[in-house]
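Trainee: I have the sequence and the model open, and I would like to work through the model slowly with you. Could we begin with a single residue and then widen the view?

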Amino acid sequence: RLADVKTKKKVPKSETWEDVNFIRDIKPELVAAQLTHIELDFLNNISCDEMISMLGKDVASDSLCQNVNKYVNWFNHLSHFVASAVLAPELGGARHLTMEYYMDVAVSCFSVGNFNSAMSVLAGLSQSSITRLHKLREKLDKNKADHLSTLEKQMSPSENFKTYRMALKNALQQHTCVIPFFTLLVKDIHTTCEIKKTKVEGTELINFEKCWELAGHLVEFQKYQSGVCDLQSDGNIQEDILLAKILTEDGMMFSSYEIEEPVTVNDKKRYKAFLEKAPTQRMESFY
């Protein structure tokens with residue numbers, strides 16, 4: 001699917017909200033399935049050599065880490081896509097229903113073992129441009145809000161993501177395709193390389209403990225790549241999500257202040273500072 005998207009001739013789009021509003025007509029479970037297919041495509045494009053090459057480098061600027069960089073961009077694209085949809089003008093329903101919809105998408109992603117998308121959607125719903133919308137959050141269904149709170153605890157970074165790591169282990173026994181939280185996987189590899197020395201201290205002997213631990217991470221990575229996604233696939237939905245124009249960081253804040261004016265002293269200060277650097281571009285596209 002990614003190869004098809006890259007070679008497709010893209011038609012310039014106006015800065016409308018059409019790109020992010022289409023998805024609410026689709027069941028959250030089906031959206032979670034499409035996100036899983038997209039994630040697996042990105043994951044399979046990354047070689048073990050590239051995972052090793054990225055160590056100690058600026059991934060964003062290194063040509064040897066292009067596929068890693070694209071995967072990171074995808075994570076950001078999805079989180080901005082979610083935030084853009086919540087901040088979009090209300091079309092066919094109240095704004096809080098859109099937020100509740102993506103809360104369901106996040107839970108669905110977690111349920112099928114797609115942890116990277118679950119974290120990305122959570123990141124989108126946790127953007128400061130959305131968390132400051134107190135009137136919006138007051139309208140959320142309590143049960144859905146509780147489900148989101150439970151999911152946030154499952155993905156919590158406390159105790160080195162202990163709860164998430166347990167969920168990941170269980171998912172590997174339940175699903176034929178599991179998508180890990182990629183940033184944490186990369187962090188684990190970096191930690192192994194940085195903390196453990198290549199040679200045994202005080203000698204010229206190779207530290208095989210470090211080699212075995214690093215190899216273990218790469219074997220784990222290949223296990224995720226070998227997953228078979230048996231969830232329903234819809235190429236049109238996947239393409240629409242990948243090619244959607246979404247709000248920039250400044251665009252999100254601009255829309256947020258249009259929805260709810262600043263109330264607190266700190267929020268008013270942020271709003272004043274924001275106006276001084278009013279964005280010239282409100283929407284962007286990653287692909």
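Trainee: Leaving aside its neighbours within four places in sequence, which residues is Met155 in contact with?

Mentor: Before we count anything, keep in mind that this is a predicted model, in which local features need pLDDT of at least 70 and side-chain atom pairs count only at pLDDT 80 or more, while totals for chains, interfaces and linings use all residues. Residues are numbered from 1 along each chain as its sequence is written, and side-chain values use heavy atoms, with hydrogens and water left out. If contact is taken as heavy atoms within 4.5 Å, then Met155, once its neighbours within four places are set aside, touches Phe110, Phe115, Met119, Leu122, Phe161 and Tyr164.

Trainee: Is Met155 buried or exposed?

Mentor: Met155 sits in the loop between α10 (142–154) and α11, where helices (H or I, at least four residues) and strands (E, at least two) are DSSP runs numbered from the N terminus. Its relative accessibility is 3%, and the cut-offs are under 20% for buried, over 50% for exposed and in between for partly exposed, using a 1.4 Å probe and protein chains only. Met155 therefore counts as buried.

Trainee: Is Asn160 buried, partly exposed or exposed?

Mentor: Asn160 also has its place in helix α11 (residues 158–174), and its phi is positive too, near 55°, in a residue other than glycine. With a relative accessibility of 43%, Asn160 counts as partly exposed.

Trainee: How are α6 and α7 oriented to each other, roughly parallel or roughly antiparallel?

Mentor: Axes are lines fitted to C-alpha atoms, for helices over the stretch in contact, and angles run from 0 to 180 degrees between N-to-C directions. Angles under 35 degrees count as roughly parallel, over 145 as roughly antiparallel, 65 to 115 as roughly perpendicular and the rest as oblique. Helix α6 (residues 95–111) and helix α7 (residues 115–125) pack with their axes 7 Å apart, at an angle of about 155°. That angle makes α6 and α7 roughly antiparallel.

Trainee: How many nonpolar, polar and charged residues are in the contact of α6 with α7?

Mentor: On the α6 side the contact is made by Met99, Tyr102, Met103, Val105, Ala106, Cys109 and Phe110, and on the α7 side by Phe115, Ser117, Ala118, Val121 and Leu125. Ala, Val, Leu, Ile, Met, Phe, Trp, Tyr, Cys and Pro count as nonpolar, Asp, Glu, Lys and Arg as charged, and the others, Gly among them, as polar. By these classes the contact of α6 with α7 has 11 nonpolar, 1 polar and no charged residues.

Trainee: Which residues of α6 meet α5?

Mentor: The axes of α5 and α6 lie 8 Å apart at an angle of about 155°, and α5 and α6 are therefore roughly antiparallel to each other. From α5 the partners are Phe81, Val82, Ala85, Val86 and Leu87, and they meet, in α6, Arg95, Thr98, Met99 and Tyr102.

Trainee: How far apart in space are Tyr102 and Val31, C-alpha to C-alpha?

Mentor: Tyr102 lies in helix α6, and at 2% relative accessibility Tyr102 counts as buried. Along the sequence Tyr102 and Val31 are 71 residues apart, yet from C-alpha to C-alpha the separation in space is 9.7 Å.

Trainee: How are α5 and α15 oriented to each other, roughly parallel or roughly antiparallel?

Mentor: Helix α5 (residues 66–87) and helix α15 (residues 249–259) have axes 10 Å apart. The angle at which α5 and α15 pack is about 20°. The pair α5 and α15 is therefore roughly parallel.

Trainee: How many disulfides does a search of the whole structure find?

Mentor: A disulfide is a covalent bond between the sulfur atoms of two cysteines, and the search takes a pair of cysteine sulfur atoms within 2.5 Å as one. Cys65 is buried, with a relative accessible area of 0%, and Cys109 is likewise buried at 0%. Across the whole structure, the number of disulfides found is 0.
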